[in-house]
Amino acid sequence: MNKIAIVTDSNSGITQKMAKEMGVHVIPMPFFINGKLFLEDISLSQEEFYKYLTEDADISTSQPSPKDLTDLWDQILKEYDEIVHIPMSSGLSASCQTAAAMAQEYDGKVQVVDNQQISVTLKESVRDAQKLIEQGKNAAQIKHILEEKRYSSSIYITLETLKYLKKGGRITPAAAAIGTILNLKPVLQIQGEKLDAYSKARGKNKAKAIMIDAIKKDLSSRFSQAAQNGKVKLMAAYTGNIEEAKEWQKLLEKEFGEEVEMDPLSLSVACHIGYGALAVAAAEYL
């Protein structure tokens, strides 16, 4: 049986410490802040990132360089026969397409999975890949199975501020100003490829209720069969405000009567939505 390694990126929320414990490899996502290069969880912590964000630093996301990628793969293939590489959604970053292009030079030894996941759902894909390795699947089979499940997850997010949506050109300055005056909180969704509008609410408590209702609807429709079989996992995420995140976690556990895993949202998402965002996700698992 082939010895298979799993590679993902820091958009999964898997830290370098956690990666060692799980036995996987995590590529740090690069950021340019005021023109200087930083690597997530290597030279840039969550706390440092939000400090720069609140100071209105010039922050831009990037992707791992092709050389960094192939250097890592080459090193891993000295010990392993195959690699399953699971990057963030191709709809949110070009890093997936870059990895797929580079993998063509590896004669099938590197399988790049484009299953449209990010943050907590990407982390769950890594766990699914680990289970498939235990079942004796090869890298190509794992890629196929994970990509078949690409639309079997939902993420809903609400924001504290409209500032960063305005800054990124997703809403107009006038809409941001009106929204701030009326205390409107957008609810965004990630269903596969991209971040889209889902709803909006007057105040954050109402936005939380909308997200809970959205997940309940998914559990009774899209994920109904998996939910009946106990094969849906609920997860939550946040940007920066850990105290608010803990309260959100308690509310979700009370609503759904089960344990809800909580993680920081990946910084690649956080830079577009700002401090104080809350998210809830549901994902079918193997």
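This is a predicted model: local features need pLDDT of at least 70, side-chain atom pairs count only at pLDDT 80 or more; totals for chains, interfaces and linings use all residues.
Tutor: Residues are numbered from 1 along each chain as its sequence is written, and side-chain values use heavy atoms, with hydrogens and water left out.

Student: Why are helix 3 and helix 4 called oblique to each other?

Tutor: Helix 3 (residues 66–76) and helix 4 (residues 95–103) pack at about 55°. Angles under 35 degrees count as roughly parallel, over 145 as roughly antiparallel, 65 to 115 as roughly perpendicular and the rest as oblique. The pair is therefore oblique.

Student: Which residues of helix 3 and helix 4 meet?

Tutor: Pro66, Leu69, Thr70 and Trp73 in helix 3 meet Thr98, Ala99, Met102 and Ala103 in helix 4. Contact means heavy atoms within 4.5 Å. By class, these residues are six nonpolar, two polar and no charged.

Student: What makes a space a cavity?

Tutor: On a 1 Å grid over the protein atoms alone, a 1.4 Å probe fits at its points but cannot get out. Lining residues have an atom within 4 Å of a point. There are three cavities of 30 Å³ or more.

Student: Which helix gives the most to the lining of the second largest cavity?

Tutor: Helix 4 does, with three residues. The lining includes Ser95, Thr98 and Ala99, and also Leu69. This cavity holds about 60 Å³ of space.

Student: What is the volume of the largest cavity?

Tutor: About 90 Å³. Helix 5 supplies the largest share of its lining, four residues.

How values were computed: Axes are lines fitted to C-alpha atoms, for helices over the stretch in contact, and angles run from 0 to 180 degrees between N-to-C directions. Helices (H or I, at least four residues) and strands (E, at least two) are DSSP runs, numbered from the N terminus. Ala, Val, Leu, Ile, Met, Phe, Trp, Tyr, Cys and Pro count as nonpolar, Asp, Glu, Lys and Arg as charged, and the others, Gly among them, as polar. On a 1 Å grid over the protein atoms alone, a cavity is a set of points where a 1.4 Å probe fits but cannot get out, and a pocket is an open set with protein on both sides within 12 Å along at least five of seven lines; lining residues have an atom within 4 Å of a point. Grid points are joined across faces, edges and corners, and a volume is the space filled by probe spheres set on the points.
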